Protein chains: 4
Amino acid sequence: MIRVGIVGASGYTGVELARIVTRHPEVELTLATSRQYDGRSLAEVFPNLRGQLDIKCENVAPEKLAERADLFFLAVPHQTAMAYVPGLIEAGKKVVDLSADFRLRDPVVYEEWYQPHSAVEYLKEAVYGLPELYRQQITGCRLVANPGCYPTSIILGLAPLLQKGLIEPGTIVADSKSGTSGAGRKAGTATLFCEVADGFRAYKVGEHRHTPEIEQEVSRLCGKSVKITFIPHLLPISRGILSTVYATLSRDINQEEVEAVYADFYGNEFFVRVLRDSALPATQYVRGSNFCDIGFKVDNRTGRIIVLSAIDNIVKGAAGQAVQNMNLLCGFAENLGLRHIPLFP
Amino acid sequence: MIRVGIVGASGYTGVELARIVTRHPEVELTLATSRQYDGRSLAEVFPNLRGQLDIKCENVAPEKLAERADLFFLAVPHQTAMAYVPGLIEAGKKVVDLSADFRLRDPVVYEEWYQPHSAVEYLKEAVYGLPELYRQQITGCRLVANPGCYPTSIILGLAPLLQKGLIEPGTIVADSKSGTSGAGRKAGTATLFCEVADGFRAYKVGEHRHTPEIEQEVSRLCGKSVKITFIPHLLPISRGILSTVYATLSRDINQEEVEAVYADFYGNEFFVRVLRDSALPATQYVRGSNFCDIGFKVDNRTGRIIVLSAIDNIVKGAAGQAVQNMNLLCGFAENLGLRHIPLFP
Amino acid sequence: MIRVGIVGASGYTGVELARIVTRHPEVELTLATSRQYDGRSLAEVFPNLRGQLDIKCENVAPEKLAERADLFFLAVPHQTAMAYVPGLIEAGKKVVDLSADFRLRDPVVYEEWYQPHSAVEYLKEAVYGLPELYRQQITGCRLVANPGCYPTSIILGLAPLLQKGLIEPGTIVADSKSGTSGAGRKAGTATLFCEVADGFRAYKVGEHRHTPEIEQEVSRLCGKSVKITFIPHLLPISRGILSTVYATLSRDINQEEVEAVYADFYGNEFFVRVLRDSALPATQYVRGSNFCDIGFKVDNRTGRIIVLSAIDNIVKGAAGQAVQNMNLLCGFAENLGLRHIPLFP
Amino acid sequence: MIRVGIVGASGYTGVELARIVTRHPEVELTLATSRQYDGRSLAEVFPNLRGQLDIKCENVAPEKLAERADLFFLAVPHQTAMAYVPGLIEAGKKVVDLSADFRLRDPVVYEEWYQPHSAVEYLKEAVYGLPELYRQQITGCRLVANPGCYPTSIILGLAPLLQKGLIEPGTIVADSKSGTSGAGRKAGTATLFCEVADGFRAYKVGEHRHTPEIEQEVSRLCGKSVKITFIPHLLPISRGILSTVYATLSRDINQEEVEAVYADFYGNEFFVRVLRDSALPATQYVRGSNFCDIGFKVDNRTGRIIVLSAIDNIVKGAAGQAVQNMNLLCGFAENLGLRHIPLFP
């Protein structure tokens with residue numbers, strides 16, 4: 001049994017990691033840190049876990065962390081994560097960091113969108129944890145930068161088109177809609193039930209920090225530096241992201257040919273479900289699962305293609321993908337403990 | 001008192017017309033037709049109306065309609081509406097048609113997206129009922145084609161930019177999200193609570209019938225024939241549309257200049273609220289009202305502008321705008337009976 | 001024009017008072033206090049109000065309040081309200097207090113459920129602001145204790161039965177369900193969207209502070225001291241309370257006889273809608289309105305009656321009822337500015 | 001591998017059975033019947049299942065059913081189920097009937113609340129499928145009558161109190177609230193999103209057909225014939241039932257003593273989670289799981305106890321409990337394939 005620890009267990013990503021890890025047959029949860037809930041049972045904080053695990057939240061000093069587990073999930077905010085990484089890696093531990101701190105390869109870009117980086121030397125070895133694109137690199141590494149939720153949906157949606165050069169990268173517009181769990185569990189007026197329910201809005205228009213992460217991967221896939229437009233919206237649901245991505249086709253191509261490109265690209269992927277016959281994804285069909293459902297439509301009237309990509313933002317967009325990365329790091333079957341069928345309705 | 005009739009009172013547009021008209025000081029509801037609920041009190045069908053009006057649903061033969069009111073709201077499906085219009089107009093009545101039958105000026109386009117048109121001769125005189133753009137024409141006409149809900153949000157959002165030539169019309173992408181009331185009140189599996197709640201999806205990707213209506217008005221505003229991309233999505237809320245519209249700017253312009261353009265264009269409009277200081281609209285702030293809230297963001301990184309436009313799809317997107325048109329047709333103050341402040345939360 | 005002030009304008013009751021008062025033809029909003037939003041436009045805090053009023057939030061010292069308006073709505077927490085009342089009353093102002101501070105006639109009961117009372121001398125003159133029961137007393141008073149939301153729904157539901165002695169008061173069980181706006185707008189984890197949405201729970205079982213308020217009025221109506229069971233629940237909706245109240249019938253009586261009792265009791269009330277023919281109320285049919293819809297069912301199998309009572313907790317349960325009381329205090333028509341038809345859907 | 005068939009796979013219970021059974025390690029889904037979707041892939045009808053199973057819906061003649069599986073789940077309406085049972089049992093098959101047809105032991109009661117019964121001879125051998133109460137009988141039987149969703153929550157909540165004689169059975173009032181999936185997937189106006197969302201109502205007050213089922217089990221547990229009051233309500237959520245049950249205590253007893261009674265009664269049950277320290281259950285903490293969470297509060301003021309019981313109506317209230325019964329019938333571990341941790345948020 002591998003011992004795993006969750007650093008930052010009191011958020012929605014933390015409880016989801018606990019939910020998945022608790023039923024994973026090859027690992028044991030040995031640590032759940034939380035300053036706020038220090039000393040309280042994790043199942044008391046998150047009563048869905050009641051009776052399923054027996055672990056208390058702890059406020060552990062950074063230097064005491066390493067001895068408590070073999071692999072660590074960092075479910076803390078950016079800037080906090082970079083403070084933990086060097087110590088854990090130097091102690092010989094594996095780390096899956098769910099924050100943004102090691103996702104951007106270029107520290108200049110990181111510092112432009114975030115704040116100064118205190119562990120630049122680890123940027124080089126960190127692997128971007130999108131297994132469908134970086135499986136081999138993840139397998140042998142020590143530090144995985146688990147992708148952002150929006151980037152996961154958008155990059156998986158676009159990768160086949162970009163790799164085959166089928167779209168003009170400069171025309172990409174990604175209109176994404178996320179469930180409110182993406183905003184975290186911190187108390188605040190803006191995410192109160194009455195502010196969100198029965199409503200809909202955009203936020204951080206043109207300035208969301210997932211933009212450079214998407215651009216980095218899009219640029220790599222098409223082989224040149226690209227700027228994209230990415231606008232996030234807040235859905236009155238708890239879980240789920242649907243990204244609707246628009247781009248101009250670079251050549252005449254029909255629906256069936258595009259379907260073949262996607263089928264070929266994702267043929268063997270357990271977690272990517274390519275839709276056929278112009279079927280469209282929906283967040284409710286991936287709820288609670290690690291699947292990414294992808295549909296698309298060639299629009300001959302305008303010469304554009306519309307790609308639709310749905311994930312559960314807490315699973316494939318965070319905790320599930322982190323466990324998928326853990327499975328790769330530990331040599332387990334990639335879908336071990338992650339075969340949940342989506343809950344519908 | 002003007003006598004008004006609602007033809008097709010059993011849908012969500014019908015009940016909303018009844019709600020507004022019942023409190024309107026200058027009109028009296030004298031007719032509410034419904035085949036399905038013939039003989040039943042309208043307030044029994046829609047218990048929110050309980051005690052507020054005393055009218056029964058009737059199944060009235062078309063030739064008996066005209067005598068029952070002075071002005072008619074047609075809240076019936078397209079194709080049905082065109083069968084009523086000639087008789088009512090010939091009988092000297094005013095008509096506000098909420099269907100799509102008289103929105104498209106070109107019968108060829110209409111027949112391409114819908115079905116054969118049986119009252120082509122009325123297409124010429126019908127006025128597109130967007131008062132902010134066609135106020136004068138509406139005032140003197142007999143037949144108003146009340147705009148679609150999506151087109152209302154998108155056209156009001158884009159009009160200032162198009163009129164001033166600030167965007168490249170061929171680059172317009174309109175990503176719209178609508179509450180489920182837009183799908184009507186007909187029983188069907190796809191709009192059951194459990195299919196919609198806690199979920200999100202796109203539908204009719206690249207083929208929604210509001211596309212030619214948007215293109216007609218965009219083309220008129222910019223003075224040349226334009227094709228746009230319009231993708232509707234279904235929100236798990238009852239009321240509200242938010243359209244996020246993307247376009248490439250045709251010249252360098254900053255946020256403040258764009259704000260001035262909108263303020264100038266909509267300066268005196270009661271129902272259009274232009275947001276300042278990069279504030280963003282949200283459907284929950286227009287709920288139950290006839291307002292259209294418009295925000296925008298110049299994105300210097302990509303040379304695009306993002307326009308966000310929020311309405312209540314049943315009010316400004318249907319019944320409220322119809323009453324606004326009625327006010328113009330009857331010479332009342334344009335906002336009479338329509339000054340509801342949005343309900344929040 | 002009467003000048004009115006809202007003390008505590010930054011909560012959901014505050015914004016709803018502003019929404020109603022702004023369109024009221026006989027009053028003018030001259031003051032909106034908020035410590036948190038001091039200096040900010042109320043319409044910026046609550047964008048639904050955008051463009052409809054021009055007032056800034058202010059942090060006003062208590063001794064400066066009185067000069068700013070003729071009538072005050074206190075939309076502040078209990079204990080805070082009692083600090084404002086003496087000064088305002090002594091300055092000759094009218095006060096509608098929406099807190100619990102003056103609802104309980106017996107200071108001993110108040111102090112048992114709340115904390116020490118600092119203005120006991122005003123308890124005697126305060127009138128419990130349920131106009132359907134205390135209309136005359138309200139008309140001539142200076143200080144109205146606006147009822148709690150739950151008590152409003154339960155007392156209006158039970159009053160006819162209690163007055164006629166048709167039920168055994170000791171058997172009353174009130175199972176109430178409230179929308180989340182009842183929990184206020186204070187940031188906190190428990191009312192975050194993700195904690196409330198798609199879920200349901202009871203809270204404060206057997207210890208909610210509305211219990212003594214309900215017992216006081218039930219006891220008065222039946223003429224003897226009664227203890228009841230009252231359990232509140234949290235609904236994943238913003239607005240609305242449905243109370244399901246159970247009691248054992250004190251004699252054989254059938255559905256039609258009970259209907260006659262209710263019709264007789266509430267015959268002339270504008271805001272109480274008694275349902276006939278075993279129809280059942282629902283929160284969605286009173287949304288945004290000051291109506292209280294009441295239905296009931298005699299259950300011959302068990303000798304019990306079940307009364308169902310629906311209100312919008314922010315309107316009839318708070319701001320609307322406060323304006324109804326204001327209308328009585330000021331000699332206006334009782335429903336002036338309050339005739340909103342419920343918004344459905 | 002045991003071959004299992006789902007008769008009536010096109011409803012919400014059907015898809016949930018498919019979700020659970022597909023991942024069950026000891027059974028294979030060999031049949032999914034549906035008249036409506038005959039010939040279509042089940043994963044096309046329910047896209048959450050996409051890629052997880054490969055089975056087509058079939059319209060199978062009753063006489064051809066038996067050969068297709070070893071155990072059958074009947075997820076069809078009452079009256080339809082009783083037509084299938086004799087043939088399947090006579091062919092030597094095991095049957096878990098999720099309809100009401102074999103739940104009531106007394107055919108007279110059945111016919112009073114439903115319609116004539118055509119397979120009365122099977123009522124005697126059918127076992128009421130609440131494993132926590134009837135484990136032994138289920139293990140050896142051929143026909144399990146899977147309990148109703150409301151009765152499951154109420155009976156599990158009351159059983160310890162009734163068995164110990166701690167409450168007056170005649171005073172029981174059960175106020176239950178259910179998610180909308182309980183209303184099924186049949187198209188109808190009443191369960192459209194816009195009719196249910198953002199609202200709340202009671203229905204079938206005093207006449208719901210689960211009443212005699214609850215009374216049968218309550219009567220058995222307390223050893224005398226009892227009538228109860230049961231009122232169901234419709235929640236604007238998809239999954240979940242919370243029952244709030246009121247009863248007068250038959251003797252002085254405190255919270256800790258009651259806790260001990262429950263802990264003792266349910267000590268070894270995997271699926272019943274008894275809450276301690278006056279904690280309260282909520283539907284969101286059992287979502288997607290087979291758990292029943294039970295809390296309670298002794299109210300000394302009134303001499304009553306309030307029991308709160310939460311389940312996922314599609315899992316413990318239907319499909320999950322059916323699989324639990326299947327596990328007993330087949331000699332598998334009772335929780336095999338059913339250890340899903342609830343999904344929160």
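**Close-up views of a predicted four-chain model**

**Figure 1. Polar contacts and make-up of the side of chain B that touches chain A.** Between chain B and chain A, 30 residue pairs are in polar contact, both residues at pLDDT 80 or more. (A polar contact is a pair of N or O atoms within 3.5 Å; within protein, one must be able to donate a hydrogen and the other to accept it, and residues adjacent in sequence count only if both atoms are side-chain atoms.) Several elements of chain B give two or more residues to this side, including helix 8 (193-196), helix 9 (210-222), strand 10 (241-248) and strand 13 (304-311). Strand 7 of chain B gives the most, with four residues. (Helices, H or I and at least four residues, and strands, E and at least two, are DSSP runs numbered from the N terminus.) By class, this side of chain B holds 26 nonpolar, twelve polar and 14 charged residues. (Ala, Val, Leu, Ile, Met, Phe, Trp, Tyr, Cys and Pro count as nonpolar; Asp, Glu, Lys and Arg as charged; the others, Gly among them, as polar.)

This is a predicted model: local features need pLDDT of at least 70, side-chain atom pairs count only at pLDDT 80 or more, and totals for chains, interfaces and linings use all residues. Residues are numbered from 1 along each chain as its sequence is written, chains are lettered from A and ligands numbered from 1 in the order in which they are written, and side-chain values use heavy atoms, with hydrogens and water left out.

**Figure 2. Area buried between chain B and chain A.** The contact brings 52 residues of chain B against 52 residues of chain A. (Contact means heavy atoms within 4.5 Å.) The two chains bury about 4000 Å² between them, 53% of it on carbon and sulfur atoms. (Buried area is the accessible area, 1.4 Å probe, that two parts lose on being put together, summed over both.) In chain B, Asp198(B), Phe200(B) and Arg301(B) lose the most area to chain A. Together these three account for 17% of what that side buries.

**Figure 3. A salt bridge between chain A and chain B.** Eight salt bridges are counted between chain B and chain A. (A salt bridge is a side-chain nitrogen of Lys or Arg within 4 Å of a carboxyl oxygen of Asp or Glu.) In one of them, Asp175(A) pairs with Lys177(B), with the closest N and O atoms 3.2 Å apart. The pair joins two chains, because Asp175(A) lies in strand 7 (residues 173-178) of chain A and Lys177(B) in strand 7 of chain B. Asp175(A) is buried at 0% relative accessible area. Lys177(B) is also buried, at 0%. (Buried means under 20% relative accessible area, exposed over 50%, partly exposed in between; 1.4 Å probe, protein chains only.)

**Figure 4. The contact of chain A with chain D.** Here 32 residues from chain A meet 32 residues from chain D. About 2900 Å² is buried between these chains, 62% of it on carbon and sulfur atoms. Two salt bridges cross this interface. One of the salt bridges in the model links Asp293(D) to Arg50(A), with the closest N and O atoms 2.7 Å apart. Helix 1 (residues 12-22) of chain A gives the most to the side of chain A that touches chain D, with five residues. That side divides into 16 nonpolar, six polar and ten charged residues.

**Figure 5. Salt bridges within chains.** Over all chains, the count is 88 salt bridges. In chain C, the side chains of Arg239(C) and Glu16(C) meet at 2.8 Å, N to O. This pair links distant parts of the chain, 223 residues apart. Arg239(C) sits in the loop between strand 9 (229-234) and strand 10 (241-248), and Glu16(C) in helix 1 (residues 12-22). Arg239(C) is buried at 5% relative accessible area, and Glu16(C) is buried at 0%. Lys177(C) and Asp175(C) also form a salt bridge (2.8 Å, N to O). Lys177(C) is buried at 0%. Asp175(C) is buried at 0%. In chain A, salt bridges that share partners join Glu16(A), Arg19(A), Arg239(A) and Asp312(A) into one network.

**Figure 6. Surroundings of Ala310(D).** Ala310(D) belongs to strand 13 (residues 304-311) of chain D. Ala310(D) is buried, at 0% relative accessibility. Beyond its neighbours within four places in sequence, its contacts include Ile241(D), Leu242(D), Val286(D), Phe291(D) and Cys292(D).

**Figure 7. Cysteines without disulfides.** The whole structure has zero disulfides over all chains. (A disulfide is a pair of cysteine sulfur atoms within 2.5 Å.) For Cys57(A), the nearest cysteine sulfur is that of Cys194(C), 19 Å away. For Cys292(D), the nearest is that of Cys149(D), 12 Å away. Cys57(A) is buried at 1% relative accessible area, and Cys292(D) is buried at 0%.
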